[in-house]
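Subject: Structure for you to look through

Dear colleague,

I am passing on the structure we spoke about, and below it you will find some notes on what came out of it. Please keep it open while you read.

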Amino acid sequence: MATDLDSTRSILVVDTDTAAMDAAVSLLDGHKVYQARNISDAQRKLVEEGIELAVIGPGFAHEAGVNEASLLLDIQPSLPIVLVADGLTTDVLRAAIRVGFKDVIDAPLNQSKIDSMLQHIERAEAMVAPDFKPKTKIGKVITIMSPKGGAGKTMTSSNVGLSLAMMSGTPERVVIMDADLQFGDICISLQVEPQHTIVDAARDIDKLDEQLLDSLLATHVSGMRVLSAPLEPSLADEVSTQVVVKTLGMLKRMFDYVVIDTAPFLDEPVLSILERSDVVLLVVDMDLPAVKNAKLALDTLKLIKFPFEKIKLILNRVNSKARLDIDELERSLGLEVQAAISSDKLVPRAVNEGEPVVSLYPRSRVAKDLRNVTSLVLDGDAMDEPQEEKRGWFR
Ligand SMILES: Nc1ncnc2c1ncn2[C@@H]1O[C@H](COP(=O)(O)OP(=O)(O)O)[C@@H](O)[C@H]1O
Ligand SMILES: [Mg+2]
């Protein structure tokens with residue numbers, strides 16, 4: 001065995017470079033070693049494999065790489081994550097510290113560096129109370145986006161959020177975050193009166209922990225929780241991207257499902273939310289400007305190499321008079337329609353009642369459609385999924 005520390009650890013090595021990966025793995029002989037070539041694979045393994053130490057290789061030790069790798073820091077704050085950098089420059093060091101890495105070491109890795117990482121874990125463990133078990137499962141983040149106002153984002157967010165709350169049987173494990181920072185209207189559509197908003201999180205960002213954040217959330221009659229947007233557009237400026245990212249990181253650890261309503265553009269806060277999402281519902285209205293804007297948004301996401309498999313295309317107001325050729329729409333967007341929501345006057349009626357249509361008119365066609373959208377989100381999760389009429393609109 002290559003190390004004289006007797007316990008076997010689950011260690012994740014993340015690198016893009018095969019030679020560096022092989023070198024690291026050979027030094028870890030005797031441990032249970034997992035390998036990831038990219039950050040999304042690493043995220044999955046961190047959550048699923050009970051990893052005790054993550055080593056991020058020199059392939060990520062540059063500014064963009066460090067930013068990307070910082071997504072791993074959100075998953076389990078107590079997990080030691082070490083970044084290994086080739087020729088440690090101040091630029092890389094500064095970037096790494098800015099995004100929250102605490103341990104950056106100079107390449108190449110050798111046995112004594114590995115041993116000191118392992119000793120570090122042992123010391124950290126010795127200081128933790130024996131019955132303290134950190135939550136390793138992180139919540140699923142579902143973001144509703146559309147580059148066009150009025151497309152039905154808020155309607156979809158509030159209904160999908162409430163359906164998740166009802167279907168899961170644990171509404172208190174579901175939160176809706178209103179990230180339409182200027183004109184957020186989630187609270188109005190759910191008839192929730194917020195005592196606090198994300199602006200309070202921004203004002204206390206250095207002190208923000210899970211307990212404080214919990215006290216800033218409102219509670220819907222169902223038990224579902226809500227983080228309100230600022231109450232006035234002028235306050236949106238106080239909520240920086242860093243605040244959005246930190247808040248979302250915490251919500252992911254506190255809840256099973258985080259549903260996020262967004263503003264109709266792709267600015268920095270929205271992009272950083274998308275990067276941290278597991279599922280993105282792209283809501284497209286049945287008209288040409290909506291399709292054109294959706295195409296432009298998808299082009300932007302392509303440029304930043306956003307993983308398209310996370311995007312689910314949802315058509316809204318499908319039976320309205322506007323006749324759009326679905327095949328043409330799918331071809332022009334390069335995505336298949338995954339679900340459709342019918343146009344129904346019960347929707348605005350429910351909005352005005354302050355109760356989502358899925359709970360006010362649960363037997364309506366549109367409520368069924370919205371439950372189908374929710375089951376797309378649940379895909380793969382262990383929960384009773386309503387299978388009725390799945391993909392029933394066009395195929
Ligand atoms: N499927 C639908 N049928 C009828 N009205 C709808 C439907 N979807 C949205 N609406 C109405 O359209 C308006 C805009 O929807 P909203 O969800 O607020 O859009 P966004 O959040 O994208 O700006 C609201 O008044 C809503 O009630
Ligand atoms: Mg809206």
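Helices here are DSSP runs of H or I with at least four residues, numbered from the N terminus. Please bear in mind throughout that this is a predicted model.

With that in hand, glycine 380, which comes just after helix α16, takes a positive phi of about 95°.

Which residues lie closest to ligand 1? Of the 17 residues that surround ligand 1, the closest are Gly152, Lys153, Thr154, Met155 and Val347. Helices α6 (153–168) and α14 (346–353) each supply at least two residues of this shell, whose members divide into seven nonpolar, seven polar and three charged.

Turning to the interior, nonpolar side chains in soluble globular proteins tend to be buried together. In this model the largest nonpolar core has 79 residues, of which Val175, Val226, Val258 and Leu282 touch the most other members. If neighbours within four places in sequence are left aside, leucine 282 is in contact with Met145, Ser146, Ala294, Ile311, Lys312, Leu313 and Ile314.

With best wishes

Notes: Residues numbered from 1 in each chain as written. Chains lettered and ligands numbered in written order. Predicted model: local features only at pLDDT ≥ 70, side-chain atom pairs only at ≥ 80, totals over all residues. Near = placed C-beta within 6 Å. Nonpolar A, V, L, I, M, F, W, Y, C, P; charged D, E, K, R; others polar. Core = buried A, V, L, I, M, F, W, Y, C linked by C-beta atoms within 7 Å. Buried ≥ 20, exposed ≤ 12 C-beta atoms within 10 Å, placed from the backbone. Contact = placed C-beta atoms within 7 Å.
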